Amino acid sequence: MGDAASTLYYTFSTIAQSLAAAIALLATFVLYRVQALNGEIERRSDALLDLGFETGVRTKAQDARVRGDVRGFLEITSAQITTPNERVDYARRRLKALFRHETSLMRAFWVSVVVTVALIAASVVGLSRVPEICEAGLDAVLLDATLWWFIACLLSYAWLLRAALTSTSRHER
C-alpha cells in the first residue's frame, strides 16, 4: 500500500474538509447577497405601486410580491399602464434586472453546491475504499480525476462570486 495509499488518504480527507468549509462560507455570502437583492426588490415594488395604481391592481400586485412571484407582479402592474410613464418604465426595468440577477446568482450557487457535495461524497467513499483502489492500480487515475474535479469546484466558486459581485445594472435590458 505505502505512499499511494497515504497520498489518497490525505487528498480525499483534505478535499472533503476544505470544500465543506468553502461551501459553507460561500453559502453565507450568497444568503447575505440574496437578502440584499430581495430587500431592494421589495423597496422597488413598493415604489412602483406608489406611482398610482387602483386598489384592485395594487392588492393583486402586493399578493404576487408576498408570494415572491416577481413575474406575476410585473404582469399585474403592466396591465394598468395606458400612457407612457418614464418613472414606471424605469422601476419595471430595474425590477426585471434585480430578478434576473437573483436568478443568475441562485443558479450559480446550486451548481456550486451540487459539484461540491458530489465531490465531498466521492472523497468520503474514496476514503473507505483506498486499499481496494490501490490493489486495483487505480490510485493515479482516481487522484487525477479528483484533482480535476476539485478544480471544477474552484471554477464554480469563481463563477458564483462573479454572479454575486456583478452589478445588477448588467442585467438591465
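Predicted model: local features only at pLDDT ≥ 70, side-chain atom pairs only at ≥ 80, totals over all residues.

Q: Let's start with α2 and α3. What angle do they pack at, and how far apart are their axes?
A: Helix α2 covers residues 55–66 and helix α3 covers residues 70–78; they pack at an angle of about 170°, with axes 8 Å apart. Angles over 145 degrees count as roughly antiparallel, so that is what α2 and α3 are to each other.

Q: Which residues make that contact?
A: From α2 you have Val57, Lys60, Ala61, Ala64 and Arg65. From α3 come Gly72, Phe73, Ile76 and Thr77. By class, that contact has five nonpolar, two polar and two charged residues.

Q: And is the crossing of α2 and α3 left-handed or right-handed?
A: Left-handed.

Q: OK, moving along the chain. How do α3 and α4 pack?
A: Helix α4 runs over residues 86–128, and α3 packs with α4 at an angle of about 165°, axes 10 Å apart. That makes α3 roughly antiparallel to α4. The crossing of α3 and α4 is left-handed.

Q: Which residues meet there?
A: On the α3 side, Val70, Arg71, Phe73, Leu74, Thr77 and Ser78. On the α4 side, they meet Arg92, Leu95, Lys96 and Phe99.

Q: What about α4 and α6, how close do their axes come?
A: Helix α6 is residues 139–165, and the axes of α4 and α6 come within 9 Å, crossing at roughly 160°. So α4 is roughly antiparallel to α6. α4 passes α6 in a left-handed crossing.

Q: What classes of residue are in the contact of α4 with α6?
A: The residues there divide into 17 nonpolar, six polar and one charged.

Q: Switching topic: how much space is in the largest pocket?
A: About 160 Å³.

Q: Which helices supply its lining?
A: α1 (2–49), α2, α3 and α4 each supply at least two residues of the lining. α1 gives the most, with four residues.

Q: Which residues line the largest pocket?
A: Asn38, Ile41, Glu42, Ser45, Arg65, Val66, Gly68, Asp69, Val70, Phe73, Phe99 and Glu102. Phe73 also turns up in the α2 contact with α3 and in the meeting of α3 with α4.

Q: And how does that lining split by class?
A: Five nonpolar, three polar and four charged residues.

Definitions and conventions. Residues numbered from 1 in each chain as written. Heavy atoms only, no water. Axes fitted to C-alpha atoms, helices over the stretch in contact; angles between N-to-C directions. Parallel < 35°, antiparallel > 145°, perpendicular 65-115°, else oblique. Left-handed = near helix turned anticlockwise from the far one by under 90°. Contact = heavy atoms within 4.5 Å. Nonpolar A, V, L, I, M, F, W, Y, C, P; charged D, E, K, R; others polar. 1 Å grid on protein atoms, 1.4 Å probe; cavity = no way out; pocket = protein on both sides within 12 Å on 5 of 7 lines; lining within 4 Å. Points joined across faces, edges and corners; volume = space filled by probe spheres on them.
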